[in-house]
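Here is a short briefing for a first look. Begin with the view below, then follow the points by topic.

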Amino acid sequence: MSDPAVEVKLEVKQASKEVKESENVAEKYSAMTVSKNSEMNMGDLSSAFSAVPTHKPVKKQIQFVEDKQEFSRFPTKAGRRSLSRSISQSSTDSYSSAASYTDSSDDETSPRDKTQVNSKGSSDFCVKNIKQAEFGRREIEIAEQDMTALISLRKRAQSEKPLAGAKIVGCTHITAQTAVLIETLVALGAQCRWTACNIYSTQNEVAAALSETGVAVFAWKGESEDDFWWCIDRCVNNEGWQPNMILDDGGDLTHWMYKKYPNVFKKIRGIVEESVTGVHRLYQLSKAGKLCVPAMNVNDSVTKQKFDNLYCCRESILDGLKRTTDVMFGGKQVVICGYGEVGKGCCAALKALGSVVSITEIDPICALQACMDGFRVVKLNEVIRQVDVIITCTGNKNVVTRDQLDRMKNGSIVCNMGHSNTEIDVASLRTPELTWERVRSQVDHVIWPDGKRVILLAEGRLLNLSCSTVPTFVLSITATTQALALIELYNAPEGRYKQDVYLLPKKMDEYVASLHLTTFDAHLTELSDDQAKYLGLNKNGPFKPNYYRY
Amino acid sequence: MSVQVVAAKMAEVELKDVPSGKDLPAGSPMTPTSEGKCLGRNDPHEAGSSAAASPTAEPSKAGEGSLGLLNTNPSKMPQASALKRTDPQLNGGEAFVNRDGTVAEAPRMKKIQFADQKQEFTKRPSKIGRRSLSRSISQSSTDSYSSAASYTDSSDDETSPRDKQQKNSKGNGDFCIKNIKQADFGRREIEIAEQEMPALMALRKRAQGEKPLAGAKVVGCTHITAQTAVLMETLSALGAQCRWAACNIYSTQNEVAAALAEGGFSVFAWKGESEDDFWWCIDRCVNVEGWQPNMILDDGGDLTHWIYKKYPNMFKKIKGIVEESVTGVHRLYQLSKAGKLCVPAMNVNDSVTKQKFDNLYCCRESILDGLKRTTDVMFGGKQVVVCGYGEVGKGCCAALKAMGSIVYVTEIDPICALQACMDGFRLVKLNEVIRQVDIVITCTGNKNVVVREYLDRMKNGCIVCNMGHSNTEIDVASLRTPELTWERVRSQVDHVIWPDGKRIVLLAEGRLLNLSCSTVPTFVLSITATTQALALIELYNAPEGRYKQDVYLLPKKMDEYVASLHLPTFDAHLTELSDEQAKYLGLNKNGPFKPNYYRY
């Protein structure tokens, strides 16, 4: 979000999609419940969903009003889809990290019009500037340092080449972390062709570095709508090369192949999809009986979910608030709306810093958990006059209304960790009597006629995505999960996976976790044969039944 | 691993009946032999019947369990249960098929228990005998001895209650208890319990206008304690007629039974029943002229079994069974799998609220309580290793961390291990830290987690205790060797002394610390009782066809309602969805708020 201009554009384009999505909310959830193996849920609206969404879904309300014009300007569905992407923390590229610092656009020619040739003479790629490859390589090397799990997977499995013969076509954010994933897949024997799932998120130098090593990458920062689909098509439509695996983030690639190349699509051995949107689209396909290949939903693996919600938010709430406001937490009265995974994370972090934390909840079970964890469960109205910080993580809309904003005390901070930008009724603050003053990037003072100021962060959008970074560790978990899902689908014996959407097998999930334990110098205990027999478990897992709550 | 814990408790209950001398009243009717008997009878059964509780999770195992049982016990109902889910969403998915958040505990008990107890198992061939003492398996279904239990039980009188004339002040004689004169005492106990069970009282107030149980004839078989009395009186206030027997021959609070009898309930129970008495009481409950039960509230499945076997015609007319123990639930699943369950049954053991309280919250408190009571240890700065990071382990770690202990965790499951890391605990192997730790706590559900080799290497004064699963986790047997001296320093506390003078402090002989050395809070019992009452109401009032002849989980909405009834205790104010918000989320304003597979 470092570049506000860019973001605005992004939002505009997304608006239409957003609307569509919100309309689908009910349907989406029913679809999810119907396809039983979706772990996503509406409870998780507050948590899973919440933590998730990046810029997208719920921009709707406000955005919709403001951007109606643009909305009608982009009538093609494909067009609308193209910019809406992944919805999980880990699938959002983090703008604040290394993104394209070499992007000073020395050159205005579209990459499509340039001659693309790497040092080996291959020209089967399309990037901004192949000369940036060295920069990109360094970025990738840095990322490798933080993605030990993926590297150790690479080491462990590269002699076996479990992906030998796999022809993977991918559509994800193209960042250094993705590059580590792609190179891991290549090391495991796969051939890869890659494109970007977001027109702004590509790190050009990383794309260049990948192209230099022979991966066919079609992506650059600042693609147009048309470029976007052109890139996807170039990825897929290639003489003498038919993909047999799809790695998707957002479902655009899958959609494109399904629509344009049904014959190729039928021969795919498996789809791995990581975003909520994409997974939802797969479930819809499946429900309609049109999904003719097995798909793996990696979004809902336990490990990924816990990191996307609980752990990630536990850190980013503090980071986000500090960066934007330099607030001190000790003794501050904080009210957190919603005690799902995200809420639990925020509460734990703030409690640890000595804040006085209250909770609002609608679900009595979660409310009881909050009580047992030592938080006061209140209604927002009861504490609104006295709190210093309000954090929403409900997944709901209009949780903090104008009425409540009116009653807040001077200097209180309002922010959203939940679900797009619906939780705080920001639109209601856009009235003539209130003055908006932008004091920093992402920080607005809203000033009442009597001089009272309320500090609104990220205009009510997701604090953790707007004002803090996504740790590489979390991206590593996602990437590792994706790699394992690809391996699983590619190597599964005939018949294990039918034409449906599957969750990652528990054992894989456990394997992802185990690969990350080394980071903590954690020493896992092994079952003795005797113990394994006693428990009726395999020594190597899976250790828990599927319904285990963790 | 927490999953097993509940199951673990069941075995422990029995064990606990036995040697915890301190907890038992002086005139306890338990002779050493009856103890042994009790032990012998119980465990194998527990082990066996719990063997398969896991529905689909580990079918092969369940199968084994059944085999074992069937050998010894041909009459036993067919095994290897199938778990039926209430919610269609849960059915049929691939990966998520089993997502009911349920059961599963038991399978793991099986083996050891089975092996250990083989002797006793064969010694008591009568199935009934074995069954009778084996009971509930959840924290909340175990009566807490350390609380008010029968202090008036000084056995002034040795006549069996069966031979006495029983008559209350209103001239009613349809009950059988120790001594009706204790009613006043009992009433006071009940009143105290009422104070601590506000949820049940609130339910009573909210629903007694409607009388949702009008016409219900409930026959119950649970521990008879003050808390149960509150439940019974609530049911009665909601319009039900109740007849009650005890599900454990030792757990009855006589004065409470007296108070209930005085209040007009037909109670058949006293502390220290014989085997024969036990079944006689159940039979008296059921077999009464002109009164046919239409609801069963059971804890352990004995009552259900009795009616099923002895009064099949009556059984068919039952509108619903509510079962709270793992054992009982398992038996229901077996029946259901065999196609012999001809009435709907509700598994209240696996409700989210109950499970969380039985494991996470309860253990979080009892670990500190148990350690303090037994050893007076100070926790600050102590190095503690907690084996297993399931719900129980999470609770223990949280409590100890809060007290300033340095906590290490051992785990076998990488996902739980990663959780421990992210929660700030060092993940180690036990042998890496065994020389330096001050306290070792096991909560794995596994066996031989702490073996003699480790015990040998511990430092002087190290405390070893078990929060997990029956008594298998610490290899106590290996300490019973001639070179080691055992010294009982307090009830439940043994010093085991090495030849070089090193002492380690073993608590409860490796049995469950939380059941042996600390209490079960009334609040937890209140959650169970409320859940039972709501399950009865649900089953009784369900429209024809909602529940078929199967075992169901409590609907999520009821689960949420139980939680909501307990919120006032915390002065917690639940926020309500506005219509607009509810619509946005696609939820009903009154719940359920989460899908069934939500992890909480």
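In chain A, eight strands make up an open sheet with mixed pairing. Their order is β9-β8-β7-β10-β11-β14-β13-β12. The model is predicted, and the predictor assigns the complex an ipTM of 0.77 and a pTM of 0.75.

**The sheet in chain A**

- The edges of the sheet are β9 (376–377) and β12 (435–440) of chain A. Each has a single partner strand, so one side of each is left without a neighbour in the sheet.
- In general, strands of a sheet pair through backbone hydrogen bonds, in either a parallel or an antiparallel way.
- Strand β13 (residues 443–447) and strand β14 (residues 453–457) of chain A are an antiparallel pair, joined over five bridges.
- Within this pairing, A:Val443 faces A:Leu457 of β14(A).

**A helix across the strands**

- Helix α16 of chain A covers residues 341–352. This helix lies across three strands of chain A: β7 (333–337), β8 (356–360) and β10 (389–392).
- Relative to β7(A), helix α16 of chain A runs at about 170 degrees.

**An annotated domain in chain B**

- An unreviewed UniProt entry places the feature "domain: S-adenosyl-L-homocysteine hydrolase NAD binding" at residues 359–520 of chain B.
- Over residues 359–520, chain B is 32% helix and 23% strand.

**Cysteines**

- How many disulfides does a search of the whole structure find? The count over all chains is zero.
- A disulfide needs sulfur atoms within 2.5 Å.
- B:Cys421 is in no disulfide either. Its nearest cysteine sulfur belongs to B:Cys416, 11 Å away.
- Is B:Cys221 buried or exposed? B:Cys221 counts as buried, because its relative accessibility is 0%.
- B:Cys421 is also buried, with a relative accessible area of 10%. The cut-off for buried is under 20%.

**Confidence in chain B**

- The average pLDDT of chain B is 78, and 74% of the residues score at least 70.
- Over residues 1–137 of chain B, pLDDT stays under 50. For this stretch the model has 357 contacts beyond four places in sequence.
- Residues 143–154 of chain B also stay under 50 in pLDDT. Here the model has 32 contacts beyond four places in sequence.

Methods. Residues numbered from 1 in each chain as written. Chains lettered and ligands numbered in written order. Predicted model: local features only at pLDDT ≥ 70, side-chain atom pairs only at ≥ 80, totals over all residues. Heavy atoms only, no water. UniProt positions renumbered as here; feature names shortened; annotations may be inferred. Helix = DSSP H or I, 4+ residues; strand = E, 2+ residues; numbered from the N terminus. Pairing = 2+ DSSP bridges. Contact = heavy atoms within 4.5 Å. Axes fitted to C-alpha atoms, helices over the stretch in contact; angles between N-to-C directions. pLDDT = per-residue confidence, 0-100. Buried < 20%, exposed > 50% of the residue type's maximum accessible area, 1.4 Å probe, protein only.
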